[in-house]
Number of protein chains: 2
Amino acid sequence: MAKGITKRSIDYSRWYLDVIDAADLAEHSSVKGCMVIKPNGYALWENIQAQLDRMFKETGHVNAYFPLFIPESYLKKEAEHVEGFAPECAVVTHAGGKKLEEPLVIRPTSETIIWSTYKKWIQSYRDLPILINQWANVVRWEMRTRLFLRTTEFLWQEGHTAHATREEAVEETLRMLDVYRQFAEEYLAAPVYIGVKSDQEKFAGAVNTYCIEAMMQDKKALQAGTSHFLGQNFAKAFDVTFQDENSKLDYVWATSWGLSTRVIGALIMTHSDDNGLVVPPRLAPVEVVVIPIWKTEEDIEKLKNRINELTENWKGQLKFKVDDRDQYRPGYKFNEWEKRGVPVRIEMGPRDLENNQVVLVRRDTGEKTSVSQDGLVDRIKNLLEQIQSDMYNRAKDFRDANTFPEDDFENLKKRIEDPGGFFRVHWCGSPECENKFQDSSKATIRVIPVDGKKESGKCIVCGQPSEQRVLVAKSY
Amino acid sequence: MAKGITKRSIDYSRWYLDVIDAADLAEHSSVKGCMVIKPNGYALWENIQAQLDRMFKETGHVNAYFPLFIPESYLKKEAEHVEGFAPECAVVTHAGGKKLEEPLVIRPTSETIIWSTYKKWIQSYRDLPILINQWANVVRWEMRTRLFLRTTEFLWQEGHTAHATREEAVEETLRMLDVYRQFAEEYLAAPVYIGVKSDQEKFAGAVNTYCIEAMMQDKKALQAGTSHFLGQNFAKAFDVTFQDENSKLDYVWATSWGLSTRVIGALIMTHSDDNGLVVPPRLAPVEVVVIPIWKTEEDIEKLKNRINELTENWKGQLKFKVDDRDQYRPGYKFNEWEKRGVPVRIEMGPRDLENNQVVLVRRDTGEKTSVSQDGLVDRIKNLLEQIQSDMYNRAKDFRDANTFPEDDFENLKKRIEDPGGFFRVHWCGSPECENKFQDSSKATIRVIPVDGKKESGKCIVCGQPSEQRVLVAKSY
């Protein structure tokens, strides 16, 4: 166990905060509920942004920027939307030394300011689709906050698209859900269940909310990204109509989809261990750290020279650091880079030098291997890909081993407490049964799968007929 | 003259807004003073960000993120700072349905929230330097706004560094000033004068403000980036001290430096013409547009096939679009891409096809050349670099031709009105003389050059001795 990091088995919540602290990712600011994202944490966000931004552009989206401020009256135009968000809003009442005529809300999400703008942009089917994404900060006034998982201000991207037909908008909603799934699996190395939320859990103003749900190591669920089919709700609220090819007037169809700095919390809780952070190689700001180990002054020079030679052609191929600081012992350095989650450590001592080899140490498993210095770059690249896929597979095995069918309500309540996990249960679809079991089990319906697999059964609460199982778990 | 764009000679301000509108870069939002940055405008900002971010990282900086909100009491800790910024602040008084105990200011700049955080991070000289940059939105409540040049909310980067010595902080201030100069010259293709601001014009809370000043086509100055030496002002305000190598306690030295979406205004006003936007190739979201010109159905197929063949290996080498839309005539397309400022247009008709050639048209000069289709990629790349350097040279020639020495106050006042320009005048250094001539000429001291060139003379206002000339102009 690393110094300063509480074991997961002792206190999981404490462990989470200790890992963040040890890896120097973020800290609470003096402004209640807001965090400071420190350079190590922000570097993760930059890598997440780079991959998602590429995926958004490959699917035809462009970026734009809309105002931080939303006139209070705009928020009120969509009834469910204001009901959902008004309690969480931060409000600017004064500016430039004067009281404002109309208070301005800091965006908790941008549907209203964006659809008030789309009204100006859309007249005809020729103006559609609009496929826009925005990288921005948003503010939701939260009572209980936790670094990355829930903070008053957070960073995210929000896509807002406008379409001529319902079909096209639904297709877009599912396309972006799939982009999130792919990102989670291929970059976060986090397997996710996908599906649609119950009416109770959906986004305020949406017709349907789709999401990706990941399992953390404490077997709780974390919603890592959402994609909303908004129907014509916001078009109606802002009177956004278009003429179709037959000159018929109709309201525009909408989607929105978002993923936030919260996924850094998911990354931490999916992979890290009692020694600190473990970062999937494809999102690692530093992939490899090289640490020379010496006893004599003579060794130092030789080692440094050889490391310089070795790493000379690594630039542009690998993200690496050489840690040849004099004032720290190797053990201290090992620990430091371990806490920061760097996927591969390379140790090189005088004997390795003689034997033309280095020691490769995997962060995820701790496995050590002596390998030749010849062809090292390719060996490291392969190892990084191996680590990436091993991390995904371990997380998937863990999740699968902790996802159970359950048909008995009393059993469900017990098993949700101990041993915990995701439970696949039959549900009749009524809000009453949903409430009953949320109240009694502290678990919620995470997703209603959309894979089309039907299975007849009886609602775990009321015994009425059910056509498919839904996924139930405690969640963040 | 392009349809819908007012000529510069008729109304320069109107022309500026028309160019933005014609290129679809941005528009006013329904929130007073805030703008919507549309996809074409945001793509410019993304390219600006990419280059600057690379330059910041190459000079050792890392990114981080600090809260949007600043407790009102923090802002008040540095006397000059609060005096400068308080009148422009937007204030959150209510959040989560309740009145806040202490109002929160939306950051107009982040020195105070960042230095309240650095206090926790800095104890020893070993914790220094801190070299952090932040990409963020900021809010300054402005009375008169103008797209990109002055908006209530704008996007920018702000660097905030902490150092053990005055020398190191001054060095950093000048290093970042030089990064801005280099960015302006090599990417914006905008020559800039560099220097220090007078006390009256400096950043509220700085010891010295350095800046880059560019000349727009109407001969007015635009401050495009600033780098501040903050001395120990913020360290003292937030009590940030460190132990040096001899265990002596001292306050930490600081710099901050920022560049905003305002530079997009500089880009527009440096290069664009009566036909619309002209974008320097190195910042162009689209470098080349290919437009086939056909009369018969048979031509279309042949042209499209040849263009597909030609552009097949362009991906990753050139940012290009092929505009083969059926519903628009070539003239319409030429005009559209011209308004958007795409540096190079390629026209290809049936005769070009027969002769194995294309027509290259430069956006900056309108020059047309028929060239062979062989080796086209390299030819285009060379042409883009040629355009980039020609644009810089034209802007530099224009600026140099409109920068004059002037020793007579009455003459200065006349010449600043007509013909306008930058004037190099002697100034004694007193605020009284600075005020006198600002009041009577509506021009300000833009920079006091820091090139070290001394020249004895007499203050243009009071006749007292002066050691060097300062640069005077009307400004945005």
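A: First, a convention: axes are lines fitted to C-alpha atoms, for helices over the stretch in contact, and angles run from 0 to 180 degrees between N-to-C directions. Helices (H or I, at least four residues) and strands (E, at least two) are DSSP runs, numbered from the N terminus. This is a predicted model, in which local features need pLDDT of at least 70 and side-chain atom pairs pLDDT 80 or more, while totals for chains, interfaces and linings use all residues. Residues are numbered from 1 along each chain as its sequence is written, and chains are lettered from A in the order in which they are written.

Q: At what angle do α2(A) and α8(A) cross?
A: The axes of α2 (residues 39-58) and α8 (residues 262-271) of chain A cross at roughly 105° and come within 10 Å. The two helices are therefore roughly perpendicular (65 to 115 degrees).

Q: Which residues in α2(A) and α8(A) meet?
A: Gly41(A), Leu44(A), Trp45(A) and Ile48(A) of α2(A) meet Val263(A), Ile264(A) and Leu267(A) of α8(A). Contact requires C-beta atoms, placed from the backbone, within 7 Å.

Q: Now the chains: how many residues of chain B are in contact with chain A?
A: In chain B, 39 residues are in contact with 40 residues of chain A. The largest share of chain B's side, six residues, comes from strand β5 (residues 90-95) of chain B.

Q: How does β5 of chain A run relative to β5(B)?
A: They run antiparallel, joined by five bridges; pairing requires at least two DSSP bridges. Ala90(A) stands opposite Ala95(B).

Q: And which residues is Leu188(B) in contact with?
A: Beyond neighbours within four places in sequence, its contacts include Phe183(B), Val263(B) and Leu283(B).

How values were computed
Two residues are in contact if their C-beta atoms, placed from the backbone, lie within 7 Å. Angles under 35 degrees count as roughly parallel, over 145 as roughly antiparallel, 65 to 115 as roughly perpendicular and the rest as oblique.
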